[in-house]
Amino acid sequence: MAHSRIPKLCLDLCFSAHECRMSRVDSEYEKTTDVLSRVVADLEAMLRSEAIAEPNDDVKMAVPRKAGAVRRRLDAVIVETVASVDARPARGGGERDRAFCVRFGCRRMNELLQRMLRTNAAGASRVVKAEKAVRRDDALMTSARFPARWPALRTALVDGAVGIGGLLAAVDLSNRAVPA
């Protein structure tokens, strides 16, 4: 009798932990979107004020450098968000991101990214390729995160040392070096 309750208790605990984790994740995503909204507003204000037209050469060197740091971190935000899309395939097979994309009227992640980021197919493909290199899947039973395929490159992306271009160049070079 006690044995029959163990699986139900385990399932209840797993679902409770999952629900708790999901509410925490939703809250963190809300904070993230708030931060990004403030960044966009601040950048708009900076551009409208014509602060970039500063005659000081030191400022003209510092602004692109800082903008590059922001760009690399935005690359990481986009790639990490795409990597968080459920990796399980939709019923009936198909690509792993199909169910998520269909909810937003798109067939594939590439199409969804083109709409969200207002980019072309090549730009969206670069994001998808980068995501595949840094995706960390969840273990089904424990919700632990597996390491990325290229963990050091994921760390470099998250730390802002590389953007999508640098990540893809390193992955391409590594793939060429490893015999098939």
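From the N terminus on, the elements of this predicted protein model run α-α-α-α-α-α-α, with 7 helices and 0 strands in total; helices (H or I, at least four residues) and strands (E, at least two) are DSSP runs, numbered from the N terminus. Residues are numbered from 1 along each chain as its sequence is written. Because the model is predicted, local features need pLDDT of at least 70 and side-chain atom pairs count only at pLDDT 80 or more, while totals for chains, interfaces and linings use all residues, and side-chain values use heavy atoms, with hydrogens and water left out.

Of the 180 residues in the protein, 21% are buried, where buried means under 20% relative accessible area, exposed over 50%, and partly exposed in between, with a 1.4 Å probe and protein chains only. The accessible surface of the protein comes to about 13,200 Å², and carbon and sulfur atoms hold 60% of that surface; such areas come from the Shrake-Rupley method with a 1.4 Å probe, and for residues only the protein chains shown count as cover. Among contacts with a separation of 6 or more, 45% join residues 24 or more positions apart, a contact being heavy atoms within 4.5 Å.

In helix 4, the residues Met 109, Asn 110, Leu 112 and Leu 113 are buried. These residues lie on the same side of helix 4, because they cover an arc of only 160° around the axis, the arc being that of the directions from the helix axis to the C-beta atoms. An α-helix has 3.6 residues a turn, so residues three or four places apart point the same way.

Helix 4 is followed by Arg 118, which is found in the loop between helix 4 (109-117) and helix 5 (121-134). The phi of Arg 118 is near 55°, a positive value in a residue other than glycine, and Arg 118 is exposed, with a relative accessible area of 79%.

| Residue | Relative accessibility | State |
|---|---|---|
| Cys 101 | 0% | buried |
| Cys 106 | 3% | buried |
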